[in-house]
Amino acid sequence: MPKDAAVEEFAGLVRALKARDGRSYEALGRRLSVSASTLHRYCSGATVPEEFAVVDRLALLCGADGEERRALEAAWTEADRARRRAASPAPVPAVSAAPESNPEPSAPEPDPGPAPDPTTPDPTAPDPSAADPSAPGPSAPDPSAPDPSAPDPSAPDPTVPEAPRARPRRGAPAPLLVAAAVGLVVLALAAALLGHPTRTASAPAPASTAPGRTAAPLPFTWSIGSQLWEGGCGHTYLVDRGPRAVAPPPVAADSGAWAGTHGAVHGGEALVRITVQGRSPSDAVVLHALHVRVVDRAAPLPWNAYRMDNGCGGAVTPRHFAVDLDRPRPLARPVDGLDASGAEVRKIPAVSFPYKVTSSDPEELLVSARTAGCDCRWYLELEWSAGGRTGTVRITDDGKPFRTSGTRGRPAYVHDSAEGRWITDSDSGQTG
């Protein structure tokens, strides 16, 4: 299938950057924390990166100026849109939901007032003693004028106890209620559109400040990737569907759309990449620690496990932190990374905190959170300091906790590309 024009334009800019630098795919990939084969797919247009951060770092390494980086980001945005359009999976039939009730508020009914007194004459009834209107005589009285011979309906009858009068209900007229409801809906939609940035945007969390002081902007930006696969190919998702209702595995770049469509949860392990970049080329921001906070623990999900292994290139994992969510107080422990992009696998020694970041020297942290015995919801906290200020940034999954569930004992499936269907994994008893 021919490539989209936007994807081809973006790939051409990436190839130009790589050609300008002159280094090999392996050497550049090691600096970018991606495999040589992954970088080659970016240059050929076979894959569009899910986040701009890795491409922006390539531009910085290759000496691109601000104008070139802005043009590169614009091209990536268009290519990413094309990728998402092409990766939209076929809809899966779903059970129709019950129709919603009419949300339009009903207008208040008018108060009928007190019941009429049967002993009080009706002032609107005709007077039986009145003369025949057809007989000659003076002209008929004005019907709008009160009858002087009729008793005053407002005067109380001394023979009947006065009934308590109902207090009139107060309420806004129906048109005002409808207008108010429409206004609330418009405000809610506007708040939803303005208050939820995309996950790949560098939307900083508020920094901690002393009471009574206004929060200043963070001296750095950060973004996350939460749908990562080990080595770009190995991952397990838990899905509450049978194999016939699950689409084939996507490429790693489209994992977010696939997981969202199927309501998938990370099975056994979740990989989270945090990219941190300073705002100034000279004023460094120091990253001091990364903390893990588990907000909820439940029994592992009783869903089917689907493995994404479909073959891919090597991987580079520097700044790697392992988290055991099954511990009462999980810690982010630095571990050795691996470089499997060349002919042999090499270890990358672990480097613990603190780290320094500037606008020209960003940092990527890879967190591997594992569990076998819980359905865990968790988030991270990153401690920092810069220019006499200190603070903590909460790292979440687009405002929600990350979620990882154990898979041990669950039915496991792998996809048979030759037959085009999911088949039972013979090693299903070893998952988790």
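Among contacts in the chain between residues at least 6 apart in sequence, what share joins residues at least 24 apart? The share is 76%, where contact means heavy atoms within 4.5 Å. The structure is a predicted model, in which local features need pLDDT of at least 70, side-chain atom pairs count only at pLDDT 80 or more, and totals for chains, interfaces and linings use all residues. Residues are numbered from 1 along each chain as its sequence is written, and side-chain values use heavy atoms, with hydrogens and water left out.

The chain holds seven helices and 17 strands. These elements are DSSP runs numbered from the N terminus: helices are H or I over at least four residues, strands are E over at least two. Of the 432 residues, 35% are buried. Buried means under 20% relative accessible area, exposed means over 50%, and partly exposed lies in between (1.4 Å probe, protein chains only).

The nonpolar cores come next. A nonpolar core is a set of buried Ala, Val, Leu, Ile, Met, Phe, Trp, Tyr and Cys residues joined through side-chain atoms within 4.5 Å. In soluble globular proteins, nonpolar side chains tend to be buried together. The largest core has 32 residues, and Ile274, Leu287 and Trp378 touch the most other members. At least two residues each come from strands S1 (220-225), S4 (269-278), S5 (285-298), S7 (320-324), S11 (355-357), S12 (363-370), S13 (375-386) and S14 (389-395). S13 gives the largest share, six residues. Apart from this core lies another, of 23 residues, including Leu17, Tyr42, Cys62 and Trp76.

Leaving out residues up to four places away in sequence, Trp378 touches Ala270, Val272, Arg293, Val294, Val295, Leu325, Ala369, Pro401, Phe402, Arg403 and Thr404.

Five strands form an open sheet in the order S1-S4-S12-S7-S8, with mixed pairing. Two strands pair if DSSP finds at least two bridges between them. Strands of a sheet pair through backbone hydrogen bonds, either parallel or antiparallel. S1 and strand S8 (333-335) are the edge strands, each pairing on one side only. Neighbouring strands of the sheet are turned by 30° against each other on average, direction ignored. For such angles, axes are lines fitted to C-alpha atoms, for helices over the stretch in contact, and angles run from 0 to 180 degrees between N-to-C directions.

Strand S4 pairs with both S1 and S12. S1 and S4 are antiparallel, over six bridges. Threonine 221 stands opposite glutamine 277 in S4. S4 and S12 also run antiparallel, joined by eight bridges. Here isoleucine 274 faces leucine 365 in S12, and valine 276 stands opposite glutamate 363 in S12. S4 is mostly covered, with nine of its ten residues buried.

Aromatic contacts were then examined. Rings of Phe, Tyr and Trp (its six-membered ring) pair if their centres lie within 6.5 Å; planes under 30 degrees apart count as stacked, over 60 as edge-to-face and the rest as tilted. By this rule there are eight aromatic pairs. Phenylalanine 220 and tryptophan 384 are edge-to-face, at 5.6 Å centre to centre and 75° between the planes. This pair links distant parts of the chain: phenylalanine 220 is in S1 and tryptophan 384 in S13, 164 residues apart. Both phenylalanine 220 and tryptophan 384 are buried. Phenylalanine 353 and tyrosine 355 form a tilted pair, with 4.7 Å centre to centre and 35° between the planes. Phenylalanine 353 and tyrosine 355 are also buried. Tyr306, Tyr413 and Trp422 form one aromatic cluster.

A charge sits over a ring if NZ of Lys or CZ of Arg is within 6 Å of the ring centre and within 35 degrees of the ring normal. Lysine 18 lies over the face of tyrosine 25, at 4.3 Å from the ring centre.

Two loop glycines complete the picture. Glycine 45 is in the loop between helix H3 (36-44) and helix H4 (53-61). Its relative accessibility is 9%, so glycine 45 counts as buried. Glycine 231 is in the loop between S1 and strand S2 (236-239). Glycine 231 counts as partly exposed because its relative accessibility is 26%. Glycine 231 and valine 34 are 197 residues apart in sequence and 8.8 Å apart in space, C-alpha to C-alpha.
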